[in-house]
Amino acid sequence: MSKASVEDIKIASQGLRGDILSNLNDPSVTHFEESENVLLKFHGTYQQDDRDLRIQLAKEKKEKAWSFMVRTKMPGGRVTAEQWLIHDRLADDTNGTLRLTTRQGIQFHGILKGNLKDVIAQVNRSGLTTMGACGDVVRNTMAPSHPIKDAAHLDSQKLSEEISERFLWRSSSYADIWLDGEKLETLTDCTQPVGAEDPIYGKLYLPRKFKMAIAVAPCNDIDIFSQDVGFVPHVVNGEVEGYTLFVGGGFGMSHGQLSTRPFLSQPLFYVKRADVVNVTEAIVTTQRDHGNREERKLARMKYLVQSKGIEWFREEVKRRVPNVETFPAKDIRFDSVEDHLGWHEQGDGLLYCGIYVAQGRVKNSDEGPSYRAAFSEIAETLKFPMIITGNTNIIFADVPKDQKAALDAILAKHKVPHADLMTATHRVAHACVALPTCGLSLAESERVFSGVLDKIDVILREFKLENDPLLIRMTGCPNGCARPYNADIGFVGRAPGKYAMFVGGSLRGDRLAGLEKKVVAINDIPAEVRILLEDFAKNRSAGEIFSDFWGRTRVNGEAPTPEQFHIEFAEREARKGEAALTAE
Ligand code: SF4
């Protein structure tokens, strides 16, 4: 599909309606055409087919095995026990699992068309929604996962809810299609009739998806530099005075297309708390009006910031909010993108417990762990609120100290491993979904990553590096959903069993990795990692983490800017006389 046609579909959609409803109600229609598929994303669902079956079905001249992914969004990943149990029960109508996402959401996979409306309706009746979880709009707003009861954390969560509310799209099509027109409290303002123009998004919505997240320094658990807009609170006299904003991050790129590449977000300015949401709207509308609508691969806001320059961008945003006073960005340092796994104090006498979920896949397994059974039993019996982290883990919050043992016992009963038993590298690693459901995947990711990590664990122990956190991430294609480009080591799928290898990001999330190897076969990944670990173990300074070792020995201690990343990319190409990442 040409990029212009996506814009055409949006403008002709009558508030994102298209023919979704009539096709949904027609049982003889097995799947949606591409024009409806474009619109379905705004409603929080993707049409997919089982790629494990695709070739065989084609040989048998049968239709693809169609199904749907549905994504629930909730600001800051906050879910009540009751909402979790509703999602857990809905998973029985899917492939039997839940997938925690890298934007603190929950995904169902394998929903059949006949169940799609019911699943989306039940998600909404739980008090959450799928509206805007995908599509060319503001996606789920991320906030710090850790339920620490201080001013910065509490206000960050509040801000994520304010942003989420401000940027819901307003057409009544969502309620008309999925809720038979029912007016839920959570969608009170989403009642615009056919023909009305969205007050923020207009008729064209945004050029591409738009991602925002809030981090409380020094913890960068939501990976702020990968976001279109990032926010960091600044506390004065016990209250949040304002936020420093970052803009222009984003990691998606396309193999062989050097005009596409990852960028880290950069500081925009500091504004007072009362102005943050209005300034955010000015940023979003700047992208709406100036973002690239001709070429979708270049439509993310990072390309606008790069092409026009941060100064131009800053002035344009300020022009849109003339009464807002802006100040220089504060100096902010982060120390890690890790989640707080295990037990921690909240600061109000209660505890929270972070649990590693392998690749975010909540399922049961005979040999363990049975995450699904464990989490539903905790929700059913202990009723603690849950938080989904940007590293696809789960946190149980508000745990009284005298119920710590009860939670631990349920985890042990279902063989959910304690994070303390894992290597520090294993604890922070994650991979994207990829095959068999993601239509863009070029290689396996989620299904192979635990096996890869187990082999890397052996090497880490051999070099006595089990307590040294290396950030290792994998994706099945260059879109970068699991954020491989700022990892210490990132593997990016390019063909079945083959990955591009990036090295040199940072545990802090504030440095881009460089392309190290164009192609590594999956079976060779442990050997490639071994070379790096052996060098690190032999030549590191006392106490030095891998990110700093690489910075000291390979990039002169300087974090490469996006421009340097690109220049280095180009230099390597010239040196080797071949196009980086061009398909073999
Ligand atoms: Fe799919 Fe690529 Fe995203 Fe992985 S990174 S989930 S393969 S689009």
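Which residue lies over the face of Trp312? Lys308 does, at 4.9 Å from the ring centre. A charge sits over a ring if NZ of Lys or CZ of Arg is within 6 Å of the ring centre and within 35 degrees of the ring normal. The charged end of Lys113 likewise sits over the ring of Phe32, 5.9 Å from its centre.

The model is predicted: local features need pLDDT of at least 70, side-chain atom pairs count only at pLDDT 80 or more, and totals for chains, interfaces and linings use all residues. Residues are numbered from 1 along each chain as its sequence is written, and side-chain values use heavy atoms, with hydrogens and water left out.

Aromatic pairs number 18 in the structure. Rings of Phe, Tyr and Trp (its six-membered ring) pair if their centres lie within 6.5 Å; planes under 30 degrees apart count as stacked, over 60 as edge-to-face and the rest as tilted. The pair of Trp84 and Phe375 is edge-to-face, because the ring centres are 6.2 Å apart and the planes stand at 75 degrees. Distant parts of the chain are linked by this pair: Trp84 belongs to helix 5 (residues 81-90) and Phe375 to helix 12 (residues 371-381), 291 residues apart. Helices (H or I, at least four residues) and strands (E, at least two) are DSSP runs, numbered from the N terminus. Trp84 is buried, with a relative accessible area of 0%. Phe375 is buried, also with a relative accessible area of 0%. Buried means under 20% relative accessible area, exposed over 50%, partly exposed in between (1.4 Å probe, protein chains only). Trp84 and Phe375 belong to one aromatic cluster with Tyr371 and Phe396.

Phe225 and Phe334 form another edge-to-face pair, 5.7 Å centre to centre, with 90 degrees between the planes. Phe225 lies in the loop between strand 6 (212-214) and strand 7 (229-236), and Phe334 in the loop between strand 10 (326-327) and strand 11 (342-345), so the pair ties together parts that are 109 residues apart in sequence. Phe225 is buried at a relative accessible area of 10%. Phe334 is buried at 7% relative accessibility.

An open sheet is formed by 5 strands in the order 3-14-15-12-11, with antiparallel pairing. Strand 3 (78-79) and strand 11 stand at the edges with a single partner strand each, so one side of each lacks a neighbour in the sheet. Two strands pair if DSSP finds at least two bridges between them. Strand 14 (residues 386-388) and strand 15 (residues 394-399) run antiparallel and are joined by 3 bridges. Ile388 stands opposite Ile394 in strand 15.
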